Amino acid sequence: MSTAEQQPHDTPSDALLGPADIRELAAVLGVRPTKQKGQNFVIDANTVRRIVRTAEVRPDDVVVEVGPGLGSLTLALLEAADRVVAVEIDDILAAALPATIEARMPHKKDRFALVHSDAMLVTELPGPAPTALVANLPYNVAVPVLLTMLDRFPTIERTLVMVQAEVADRLAAEPGNKVYGVPSVKANWYAHVKRAGSIGRKVFWPAPNVDSGLVSLVRRAEPIKTSASKSEVFAVVDAAFAQRRKTLRAALAGWAGSAAGAEAALVAAGVSPQARGESLTVEEFAAIAEHKPAAQRPAL
């Protein structure tokens, strides 16, 4: 095979952004990463390839990426997926990204779409429905963005997010773990969650003061079996962890209208009134929600 024939296969690797490329792009755009926006750009091509591999991105995937920044991960995703839709809130970065894609991966420019918006406000995406979510999420909004995207786009089957290590631990925690809490339960409502690796600080610019972790979420094949709505279940979760050191009988008193009402709902759900929220599965929270005292249910 000639060099010319090999070129299309080899070109994408050269298209990925390295440290010098990132700094040059940032300088041209006048971009200085800010803590307020939680911006830490990945400057290592091997890391973004590893993220794409760990996400198990397939050639037929439509991937949505939140917070693409200068495009490091975006380019690696375009190598592997059928299409990529990037959601970027920053005006300068959003304006520059399409040109970066066209310059470095012109054969994929028609497979890329940009949504210039806050991810929390996005209710629809251009093109085919997304099948995967892969993102380096800003630390300060990681959990709400993740849960919002999973809720609004039920066609997302597989998710891999890079978040602060502490957040990764919380998301992937199981009942009984000391960091198990609201993010753990709510993520489990949508998906099977697990830790999928760690990322060092040196692959970012600027280097953050915390370590990062990868979290894999595979959407449940069947929703949690319950007659309660998501909002009803989440109300129980929020109440249970608002006073996590208290027993559920005490913590859910406000939700149930009284401690006695909470106890009745717990017993009916098969949960000990002396248990604490950190010991319950999402299915148990759903069972409690089903038994909310009638007096506390909204009038139809």
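A residue counts as buried under 20% relative accessible area, as exposed over 50%, and as partly exposed in between. Lys230, at 29% relative accessibility, is therefore partly exposed. This value, like the others below, comes from a predicted model.

Lys230 takes part in a salt bridge. Its partner is Asp151, and the closest N and O atoms are 3.2 Å apart. The bridge links distant parts of the chain: Lys230 belongs to helix 9, Asp151 to helix 6 (residues 142-152), and 79 residues separate them. Asp151 has a relative accessible area of 36%, so this residue is partly exposed as well.

Side chains of opposite charge can pair when their charged atoms come close. The count for this model comes to 15 salt bridges. One of them joins Asp169 and Arg195, with an N to O distance of 2.9 Å. Asp169 lies in helix 7 and Arg195 in strand 7 (residues 191-199), so the bridge ties together parts that are 26 residues apart in sequence. Asp169 is partly exposed, with a relative accessible area of 36%. Arg195 is partly exposed too, at 31%. Elsewhere, salt bridges that share partners connect Arg58, Asp60 and Glu157 in one network.

Another salt bridge is formed by Arg83 and Asp82. Here the closest N and O atoms are 3.8 Å apart. Arg83 has a relative accessible area of 28% and is partly exposed. Asp82, at 25% relative accessibility, also counts as partly exposed.

Helix 9 also packs against another helix. Two packed helices are described by the angle between their axes and the distance between the axes. The axes of helix 9 (residues 230-242) and helix 13 (residues 282-290) come within 8 Å. They cross at roughly 105°. Angles of 65 to 115 degrees count as roughly perpendicular. Helix 9 and helix 13 are therefore roughly perpendicular to each other.

Which residues in helix 9 and helix 13 meet? Helix 9 contributes Glu232, Val233, Val236, Val237, Ala240 and Phe241. Helix 13 contributes Phe285, Ala286, Ile288 and Ala289. Of the residues in this contact, nine are nonpolar, none is polar and one is charged.

A pair of aromatic rings is described by the distance of the centres and the angle of the planes. The model holds five aromatic pairs. In one of these, Tyr180 and Phe241 lie 6.3 Å apart, centre to centre. Their planes are at 70°, and the pair is edge-to-face. Tyr180 sits in the loop between helix 7 (165-172) and helix 8 (182-190), whereas Phe241 sits in helix 9. The two residues are 61 residues apart, and their pair links distant parts of the chain. Both Tyr180 and Phe241 are buried.

Phe241 also pairs with Phe285. The ring centres are 5.9 Å apart and the planes stand at 45°, so the pair is tilted. This pair, too, links distant parts of the chain: Phe241 in helix 9 and Phe285 in helix 13 are 44 residues apart. Phe241 has 10% relative accessibility and therefore counts as buried. Phe285 is buried, with a relative accessible area of 0%. Tyr180, Phe241 and Phe285 form one aromatic cluster.

Is helix 8 mostly covered or mostly exposed? Helix 8 is mostly covered, with eight of its nine residues buried. The buried residues are Pro183, Ser184, Val185, Lys186, Ala187, Asn188, Trp189 and Tyr190. They pack against helix 6, helix 7 and helix 9, and also against helix 13.

Pro106 occupies the loop between helix 5 (91-104) and strand 4 (112-116). At 46% relative accessibility, Pro106 counts as partly exposed. The C-alpha atoms of Pro106 and Ala250 are separated by 60 Å. Along the chain, Pro106 and Ala250 are 144 residues apart.

Conventions. Residues numbered from 1 in each chain as written. Predicted model: local features only at pLDDT ≥ 70, side-chain atom pairs only at ≥ 80, totals over all residues. Heavy atoms only, no water. Axes fitted to C-alpha atoms, helices over the stretch in contact; angles between N-to-C directions. Helix = DSSP H or I, 4+ residues; strand = E, 2+ residues; numbered from the N terminus. Parallel < 35°, antiparallel > 145°, perpendicular 65-115°, else oblique. Contact = heavy atoms within 4.5 Å. Nonpolar A, V, L, I, M, F, W, Y, C, P; charged D, E, K, R; others polar. Phe/Tyr/Trp six-rings, centres within 6.5 Å; stacked < 30°, edge-to-face > 60°. Buried < 20%, exposed > 50% of the residue type's maximum accessible area, 1.4 Å probe, protein only. Salt bridge = Lys/Arg side-chain N within 4 Å of Asp/Glu carboxyl O.
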